[in-house]
Amino acid sequence: MKKMIGFISVLALILTFAFFTNQTKTNTATKKDLPIVGVLQLTSHPALDLIYEGIIDALNEEGFIDGETMTLDFQNAQGDQSNLNSMSARFVSRNTAVMVGIATPAAQALANSSQEIPIILGAVSNPEEAGLVANNEKPGGNITGVSDLTPIKEQFELIKELLPEAKKIGILYSSSEDNSIVQAKQAAEIATAMGYETTTLTVSSTNDVSQVSSSLASQVDAIWVPTDNTVASAMNTLIAATDANHIPVFPAVDTMVEEGGLATIGLNQYELGKLTGQMTAAVLKCESDPATTPVQYLEQGEIILNEEKAKELGISIPQTLLDQMANQ
């Protein structure tokens, strides 16, 4: 009887071990079968961080949850081009189901790494001009996504409303970002057409921002900044220089107003991210083909004002503008 009980106990242990071993193998196999989503972010600053947050929230809402229904591989290059290249290669080697590039340099690195894996652009002003798609309406390859094309003309109209006496506008951007070069050119044309005298200066890295912005602030009545990742990463440095000269900054991005800019008509970065995440989910569900999916845009920008900064600089905000903000 004792031998029988012992035999049963040993058998039970063997079966239990076999069950859990098999369960572990099943779980491992299941995880290996999950689609991998590679997200490459150029660097860390509030605007790009909000885009990433929106992407993840949208993916979750669409049923793609890290570790359950997808495997998320998030990489942040911290502004280093060599990191962008190696991280892109990592995604390709892992056979990711879809890759997402947050900001133009990240998207370009992904595009250089593969012409087969679907790529979704997160915040690229003009994918066609950046050489990422054949056409914004009909991309034609493995890339589509979301544009963060900023309403430049409306932003300059906002400058005129807030600073009716201003005559000289400075334009500050990074010479290493294709996205910024295109916007700065458009801004200069728009400003000139509106009767402004423009002075344009560039930076090659965040190390240049203090000296260049101080020089520019001493020559103009206001400074306009595009959706530029280099300048955004050094926004505190820029504001320190412009505050010293009592000059307002009009950035193209809403989060840069929160960091000391005066005002903008900008796009909601989180909503840009959500739209990017929705497009990513559509590819994962095989409901969308990048080649035939047009680049998407947010419908309308919002007026964002830093009333505390206006008070610091002695700038009066017209009541009509405050009423517009209240009705947004």
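The points below are notes on a predicted model of a single protein chain, grouped by region.

1. Overall composition. The protein chain has 328 residues, and 50% of them are buried. Its secondary structure amounts to 13 helices and twelve strands. Taking contacts between residues at least 6 apart in sequence, 71% join residues at least 24 apart.

2. The six-stranded sheet. Six strands form an open sheet in the order β2-β1-β3-β4-β5-β11, and the pairing is parallel. The edges are taken by β2 (71-76) and β11, each with a single partner strand, so one side of each has no neighbour in the sheet.

3. The β1/β2 pair. Strand β1 covers residues 36-41 and runs parallel to β2, the two being joined by six bridges. Within this pairing, Val 39 has Phe 74 in β2 as its bridge partner.

4. With a relative accessible area of 38%, Tyr 297 is partly exposed; the value falls between the 20% limit for buried and the 50% limit for exposed. Its contacts, leaving aside neighbours within four places in sequence, are Asn 136, Ser 147, Leu 149 and Leu 275. The C-alpha atom of Tyr 297 is also 5.9 Å from that of Val 146, although the two residues are 151 residues apart along the chain.

5. Strands β6 and β7 (residues 197-203) pair in the parallel sense over seven bridges. Lys 168 has Glu 197 in β7 as its bridge partner. From β6 the chain passes through α6 to β7, and this β-α-β crossover is right-handed.

6. Glu 177 sits in the loop between β6 (168-174) and α6 (178-193). The residue is buried and has no salt bridge; Lys 185, the nearest side chain of opposite charge, is 18 Å away. A salt bridge would require a distance within 4 Å. What joins the side chains of Glu 177 and Thr 230? A polar contact of 2.7 Å links these two side chains. When residues up to four places away in sequence are not counted, Glu 177 touches Asp 228, Asn 229 and Thr 230.

7. His 246, backbone. Most residues other than glycine have a negative phi. His 246 is not a glycine, yet its phi is positive, at about 60 degrees. The residue lies in the loop between α9 (235-244) and β9 (249-251). Its relative accessible area is 47%, which makes His 246 partly exposed.

8. Cys 286, backbone. Cys 286 is another non-glycine residue with a positive phi of about 60 degrees. Its place is in the loop between α11 (269-284) and β11 (296-297). Is Cys 286 buried or exposed? Cys 286 counts as exposed, at 70% relative accessibility.

Technical notes:
Residues numbered from 1 in each chain as written. Predicted model: local features only at pLDDT ≥ 70, side-chain atom pairs only at ≥ 80, totals over all residues. Heavy atoms only, no water. Helix = DSSP H or I, 4+ residues; strand = E, 2+ residues; numbered from the N terminus. Buried < 20%, exposed > 50% of the residue type's maximum accessible area, 1.4 Å probe, protein only. Lys, Arg positive; Asp, Glu negative; His and termini not counted. Polar contact = N/O pair within 3.5 Å; in protein donor to acceptor, adjacent residues only side chain to side chain. Contact = heavy atoms within 4.5 Å. Pairing = 2+ DSSP bridges. Right-handed = clockwise from strand over helix to strand, strands pointing away.
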